[in-house]
Amino acid sequence: SCYFISALGTPAMSVPAGFTDDGLPVGIQIVARHRDDWGLLQMGHAFEQARALPKRMPATSPAPAQTGR
(Lines give C-alpha, C1' and ligand atoms only; values in the text may rest on other atoms or scores of the structure.)
Protein backbone atom coordinates (compact mmCIF):
# COMPACT_ATOMS: atom_id res chain seq x y z
CA SER A 1 0.00 0.00 0.00
CA CYS A 2 1.32 3.43 -0.94
CA TYR A 3 -0.50 4.93 2.06
CA PHE A 4 1.90 3.73 4.75
CA ILE A 5 4.93 5.03 2.88
CA SER A 6 3.27 8.34 1.97
CA ALA A 7 2.09 8.95 5.54
CA LEU A 8 5.76 9.27 6.53
CA GLY A 9 6.41 11.95 3.89
CA THR A 10 8.04 9.50 1.48
CA PRO A 11 6.18 9.65 -1.84
CA ALA A 12 5.25 6.44 -3.65
CA MET A 13 3.28 5.48 -6.74
CA SER A 14 2.13 2.38 -8.56
CA VAL A 15 3.06 2.15 -12.24
CA PRO A 16 1.82 -0.38 -14.83
CA ALA A 17 4.57 -2.93 -15.48
CA GLY A 18 3.08 -5.52 -17.81
CA PHE A 19 0.62 -8.40 -17.96
CA THR A 20 0.51 -11.94 -16.59
CA ASP A 21 0.25 -14.96 -18.89
CA ASP A 22 -3.53 -14.78 -18.29
CA GLY A 23 -3.64 -11.17 -19.51
CA LEU A 24 -4.11 -9.54 -16.10
CA PRO A 25 -2.31 -6.24 -15.43
CA VAL A 26 0.69 -6.11 -13.09
CA GLY A 27 2.21 -3.01 -11.51
CA ILE A 28 5.27 -2.03 -9.53
CA GLN A 29 5.58 0.42 -6.68
CA ILE A 30 8.20 3.15 -6.96
CA VAL A 31 9.32 4.92 -3.77
CA ALA A 32 11.31 8.15 -3.87
CA ARG A 33 13.40 10.01 -1.33
CA HIS A 34 11.72 11.84 1.55
CA ARG A 35 9.55 14.68 0.19
CA ASP A 36 10.84 14.22 -3.39
CA ASP A 37 7.46 14.26 -5.15
CA TRP A 38 8.89 15.77 -8.34
CA GLY A 39 11.63 13.14 -8.51
CA LEU A 40 8.99 10.41 -8.09
CA LEU A 41 6.92 11.78 -10.96
CA GLN A 42 10.03 11.87 -13.15
CA MET A 43 10.91 8.27 -12.26
CA GLY A 44 7.36 7.07 -12.97
CA HIS A 45 7.27 8.86 -16.30
CA ALA A 46 10.71 7.52 -17.31
CA PHE A 47 9.66 3.96 -16.43
CA GLU A 48 6.44 4.21 -18.46
CA GLN A 49 8.33 5.62 -21.45
CA ALA A 50 11.01 2.92 -21.28
CA ARG A 51 8.50 0.09 -20.81
CA ALA A 52 6.16 1.27 -23.61
CA LEU A 53 3.28 -1.02 -22.66
CA PRO A 54 0.48 -1.59 -25.13
CA LYS A 55 -2.73 0.22 -24.27
CA ARG A 56 -5.13 -2.62 -23.54
CA MET A 57 -7.69 -3.70 -20.99
CA PRO A 58 -7.75 -7.13 -19.32
CA ALA A 59 -10.43 -9.55 -20.44
CA THR A 60 -13.45 -9.59 -18.18
CA SER A 61 -15.97 -12.32 -17.59
CA PRO A 62 -19.71 -11.64 -17.72
CA ALA A 63 -21.59 -11.20 -14.46
CA PRO A 64 -23.11 -14.40 -13.05
CA ALA A 65 -26.76 -14.99 -13.97
CA GLN A 66 -29.28 -13.99 -11.34
CA THR A 67 -31.61 -16.71 -10.09
CA GLY A 68 -35.21 -15.74 -9.44
CA ARG A 69 -36.14 -17.20 -6.07
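**Close-up views of a predicted model**

View 1. Helices here are DSSP runs of H or I with at least four residues, strands are runs of E with at least two, and both are numbered from the N terminus. This is a predicted model, in which local features need pLDDT of at least 70 and side-chain atom pairs count only at pLDDT 80 or more, while totals for chains, interfaces and linings use all residues. Residues are numbered from 1 along each chain as its sequence is written, and side-chain values use heavy atoms, with hydrogens and water left out.

View 2. Which residues of α2 are buried? They are Gly39, Leu40 and Gly44. These residues cover an arc of only 135° around the axis, so they lie on the same side of α2. The arc is that of the directions from the helix axis to the C-beta atoms. Buried means under 20% relative accessible area, exposed means over 50%, and partly exposed is in between (1.4 Å probe, protein chains only). On the face turned away from the buried side of α2 you will find the exposed residues Trp38 and Gln49. The cover over the buried residues of α2 includes β1 (12-19) and β2 (25-31).

View 3. Two strands pair if DSSP finds at least two bridges between them. Ala12 has Val31 in β2 as its bridge partner. Five residues sit between the strands of this hairpin, where Gly23 takes a positive phi near 90°.

**View 4. The largest nonpolar core.** Which residues make up this core? Its five residues are Met13, Val15, Ile30, Ala32 and Leu40. A nonpolar core is a set of buried Ala, Val, Leu, Ile, Met, Phe, Trp, Tyr and Cys residues joined through side-chain atoms within 4.5 Å. In soluble globular proteins, nonpolar side chains tend to be buried together. Leaving out residues up to four places away in sequence, Ile30 touches several residues, including Met13, Val15, Leu40, Met43 and Phe47. Contact means heavy atoms within 4.5 Å.

**View 5. Thr10, in a loop.** Thr10 is in the loop between α1 (2-6) and β1. Is it buried or exposed? Thr10 counts as buried because its relative accessibility is 18%. Not counting residues up to four places away in sequence, Thr10 touches Ile5, Val31, Ala32, Arg33 and His34.

View 6. Arg35 is found in the loop between β2 and α2. Its phi is near 60°, a positive value in a residue other than glycine. With a relative accessible area of 66%, Arg35 is exposed. Just after α2, Ala52 takes a positive phi of about 45°. Ala52 counts as exposed too, at 58% relative accessibility. Along the sequence, Ala52 and Ala17 are 35 residues apart, and in space they are 9.3 Å apart, C-alpha to C-alpha.
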